[in-house]
Amino acid sequence: MSKIVLGVSGSISAYRACDLARDLMRAGHTVRVCLTDSAAKFVTPVLFETLTGNACLTDTFVEPTRGRMAHIDWAREADLILIAPATANTLNKIAQGIGDDMLTTLVLAAQVPLLIAPAMNPAMYTHPETQASIHKLQSQGAFFIEPTEGDVASGETGQGKLAPNADIIAITESVLSRRLTLNGKTILITSGPTQEPIDSVRFLTNRSSGKMGLAMARAAQLMGAKVILITGPTSLPDPANATTIHVRTAEQMLAAAQEQAPKANWIIGLAAVSDYRPANPSPTKIRRSEADLTLTLTPNPDIIATLAKENPTKRVIAFAAEPTQDTEFATEKMHRKGVSAIALNDISNSQIGFQSDENELTLILANGETHQSGRKSKLGCALWLLDQLSENP
Ligand code: C5P
């Protein structure tokens with residue numbers, strides 16, 4: 001198992017690093033914690049020393065072992081440095097090569113993978129200096145776990161919350177095992193719901209949040225792939241460093257996918273495409289009346305089946321959201337759509353799937369083999385799925 005240096009900087013979410021340290025230890029890793037001065041105002045070194053059983057570094061001039069330079073020793077011995085949470089200050093200092101405290105000095109001395117989970121006020125996160133630092137560090141090979149959107153401690157809403165611990169753990173494992181098995185591949189992902197206009201202000205849609213598609217995009221990038229994400233309307237941020245194309249209707253999604261497909265090696269259909277659309281959407285708002293209103297629906301194209309047919313040499317993977325774990329329907333669907341694999345998720349379990357942060361997949365391969373993911377974060381499921389597909393070409 002691996003040796004992880006967990007760097008904690010002074011965000012309010014520093015308390016989450018306590019659970020993170022324990023979860024990493026439960027996964028079998030050795031964890032050494034380094035706190036910035038501001039982090040030590042939120043959580044104490046003693047707390048982390050008790051949790052991890054290892055000395056905790058804070059002051060550059062207080063060495064846990066006399067005569068040794070911990071920032072050099074720790075940097076040499078670690079397999080990975082994970083900074084969670086990373087404040088704007090620590091992130092920007094690292095990008096500038098500043099080493100004015102134990103954590104930034106340790107990062108400067110290290111030659112191991114660096115994984116950063118920022119957490120800060122949304123205005124600080126979107127600040128051009130912070131974004132420039134992220135891009136600079138990414139170009140130097142650092143991995144990022146994007147903060148999520150939501151209400152932050154200041155009472156504002158926006159992107160800045162520390163990513164869920166389960167995602168931080170899944171990405172840590174992925175970086176540690178260097179699963180760059182998709183290096184050189186381009187993966188096209190359809191994601192989110194579609195909106196099919198009824199009139200100028202109303203539409204037919206479904207409960208898809210697009211979270212699984214975004215997780216798949218991030219997982220593919222972590223494994224070295226280039227990503228083209230074609231997404232229906234969601235409230236999620238675009239993944240960094242991917243080509244993201246926003247569409248509204250199934251017909252627009254199909255047209256975008258057909259245009260992008262020649263660039264892709266694999267195509268993954270995660271979109272919850274509306275099976276039908278109003279046949280004659282009204283160009284103006286339909287007025288209320290006491291009479292019944294009948295909407296005539298016409299079938300939408302099956303995007304993934306069309307792509308599979310038009311791209312017989314590419315690997316095309318569909319998803320099946322079914323109200324049961326029964327693999328029979330999903331297997332039939334895989335054959336009917338002409339795809340090479342199908343991932344089944346049971347939507348009868350309200351704890352997972354639609355809009356939730358977790359999922360559980362059954363992967364059915366064309367040779368009839370089935371594989372179970374177990375319950376995981378959506379990112380964990382996506383990494384698992386891409387691993388399975390890589391191992392079963
Ligand atoms: O037929 P069903 O909707 O159950 O199939 C689900 C799979 O097919 C998903 O991969 C979904 O993205 C894809 N699909 C599609 N176009 C449709 C309907 C579903 O690409 N019109």
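This is a predicted model: local features need pLDDT of at least 70, side-chain atom pairs count only at pLDDT 80 or more; totals for chains, interfaces and linings use all residues.
The lining of the second largest pocket divides into 14 nonpolar, 15 polar and eight charged residues. A word on classes: Ala, Val, Leu, Ile, Met, Phe, Trp, Tyr, Cys and Pro count as nonpolar, Asp, Glu, Lys and Arg as charged, and the others, Gly among them, as polar.

Residues are numbered from 1 along each chain as its sequence is written, and side-chain values use heavy atoms, with hydrogens and water left out.

Back to the pocket. On a 1 Å grid over the protein atoms alone, a pocket is an open set of points with protein on both sides within 12 Å along at least five of seven lines; a cavity is a set where a 1.4 Å probe fits but cannot get out; lining residues have an atom within 4 Å of a point. The second largest pocket has a volume of about 800 Å³. Volume here is the space filled by probe spheres set on the points, which are joined across faces, edges and corners. The lining has 37 residues, and Leu270, Ala271, Ala272, Val273 and Phe319 lie nearest the centre.

Which element gives the most to this lining? Strand E16 does, with five residues. Strand E8 (186–191), helix H10 (211–222), H12, E16 and H13 each supply at least two. Helices (H or I, at least four residues) and strands (E, at least two) are DSSP runs, numbered from the N terminus.

What takes up this pocket? The ligand does. A molecule sits in a pocket if more than half of its atoms lie within 2 Å of its grid points. Around the ligand are 13 residues, the closest being Gly269, Ala271, Ile304, Phe319 and Lys333. To count, a residue needs a heavy atom within 4 Å. Eight of the shell are nonpolar, one is polar and four are charged. H12 (303–310), E16 (315–322) and H13 (327–337) each supply at least two shell residues.

Next, polar contacts, meaning pairs of N or O atoms within 3.5 Å. A polar side-chain atom of Lys333 lies 2.3 Å from a ligand oxygen. A side-chain N or O atom of Lys337 is 3.0 Å from a ligand oxygen. Ile303 uses a backbone N or O atom, 2.9 Å from a ligand nitrogen. The protein covers 87% of the 440 Å² of accessible area that the ligand has on its own, by the Shrake-Rupley method with a 1.4 Å probe.

Elsewhere, there is one cavity of 30 Å³ or more. The largest cavity holds about 40 Å³ of space. Its lining includes Lys3, Thr30 and Trp74.

Last item: the peptide bond from Ala84 to Pro85 is cis. Pro85 is in strand E3 (residues 80–86).

Key: A polar contact is a pair of N or O atoms within 3.5 Å; within protein, one must be able to donate a hydrogen and the other to accept it, and residues adjacent in sequence count only if both atoms are side-chain atoms.
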